[in-house]
Amino acid sequence: MTEQLKLRPAPAAGSLFRRLSADRPARAVYLALALLIVLGWLLFALDGEHFLSQENIVGIQQRSAALGIVAVGQTLVILAGSLDLSVAYLISLTSLVAAEIMAGSDANVLPAVAAVLAVSALTGLVNGLIVTRLRVHAFIATLGIALIIRGALDERYDGPAGSVPASFQHLGYDRIGPLPVSALLWAAVAAAAWFLLTRTRPGYRIYAVGGDSEVARLSGIRTGRVVVTAHVLCSVCAGIAGLLLASRLGAGAPTVGTDGGYDLESIAAVVLGGTALAGGRGGVGGTVGGVLLLAVLDSIFNQLQVNSFAKDVVRGVVLVAALAVYARRRRNG
């Protein structure tokens, strides 16, 4: 019996990984994105305006970069069967850490970046350990950490603090041709995550744990370590987004993460991209499409001057419809 347990789980986990990685619902979100772009182009063409102008395309890239970076990290943790609701407050915290350490000096940029990455990794480690060692559900664990960070921010800060040197602000505003540097940063983070998930053993383990943690455990995978690693990477992505937003604002802000709604927005982008909230299915490619879909939708609403209530209603309808379509496809597939 012991021999069977040693021999059988590994092939099961391998077949599970091949089955889950072959599932590619990302095509649906890119089709929806293409249709939305065509709709936006038609609406603005009727008014004699240009939706696909270079200015608008650059604006979409710049606005989506921070959310895209956070959503990539959220993808990793959701694929592992977990969740992170602390990212919005962590973004605010890291923007303040960066701006206060930089204090307007070029010499302090590298120490500030290192401090942000350290704070982010530590937060992710705490999240992961609470989920895996204390067996607290990820929703409650990360919400609790979010409230702790919020309390610290409310106690210490009344408004923006610190300052970012002009050299660091190039990250948020400069372009290389038609491509903003911030969009290139997002692309680099997404490419690194895609490589991790599709070409490395840790990526295989993330899919395996999210797909069936018991099979993964019997196959010899340390499931707790995988979940902790996913949380650390997710928090590091939030820290990178905090650095980006600090470069755009020129300072740190205690509400920059929550005002942007990066916690729920990142989860929405991941779900729109076809990643299952239960874990094990999906990938970074779909998440990129989900982020762009939300960004294009926002751009259309902003240019049409649609009020915020109507924007939230439409976004909610789009999210629910996407979930319904994916659920139906899985039942039929």
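Select Cys 237 to begin: is this residue buried or exposed? With a relative accessibility of 8%, Cys 237 counts as buried, since the cut-off for that label is under 20%. Keep in mind along the way that you're looking at a predicted model.

**Stop 1: the cysteine pair**

Which cysteine sulfur is closest to the one in Cys 234? That would be the sulfur of Cys 237, 6.7 Å away, which is too far for a bond; a disulfide would need the two sulfurs within 2.5 Å. Searching the whole structure for disulfides turns up zero.

**Stop 2: zoom out**

Now show the whole chain as a cartoon. You can trace 16 helices and two strands. The radius of gyration is 20 Å, close to the 20 Å that the globule rule gives for 333 residues, so the chain is as compact as a globular protein of that length.

Buried residues account for 48% of the 333 in the chain. Colour by charge and you'll find 26 positive and 19 negative side chains, with the centres of the two sets 17 Å apart.

**Stop 3: inside helix 4**

Select residues 54-79, which form helix 4, and pick out Ser 64 there. Ser 64 has 2% relative accessibility, so it counts as buried. What does Ser 64 touch, leaving aside neighbours within four places in sequence? Its contacts are Trp 186, Val 291, Leu 292 and Ala 295. For the chain as a whole, 79% of the contacts between residues at least 6 apart in sequence join residues at least 24 apart.

**Stop 4**

Most residues other than glycine have a negative phi. Here are two places to check against that. Go to the loop between helix 5 (87-102) and helix 6 (109-132) and click Ala 103. Ala 103 isn't a glycine, yet it has a positive phi of about 50°.

Then move along to the loop between helix 6 and helix 7 (138-156), where you'll find Arg 135. Arg 135 has a positive phi as well, about 60°, again without being a glycine. Its relative accessible area is 72%, so Arg 135 counts as exposed.

Note on methods
Residues numbered from 1 in each chain as written. Predicted model: local features only at pLDDT ≥ 70, side-chain atom pairs only at ≥ 80, totals over all residues. Heavy atoms only, no water. Helix = DSSP H or I, 4+ residues; strand = E, 2+ residues; numbered from the N terminus. Rg over C-alpha atoms; globule rule 2.2 N^0.38 Å. Buried < 20%, exposed > 50% of the residue type's maximum accessible area, 1.4 Å probe, protein only. Contact = heavy atoms within 4.5 Å. Lys, Arg positive; Asp, Glu negative; His and termini not counted. Charge placed at Lys NZ, Arg CZ, Asp CG, Glu CD.
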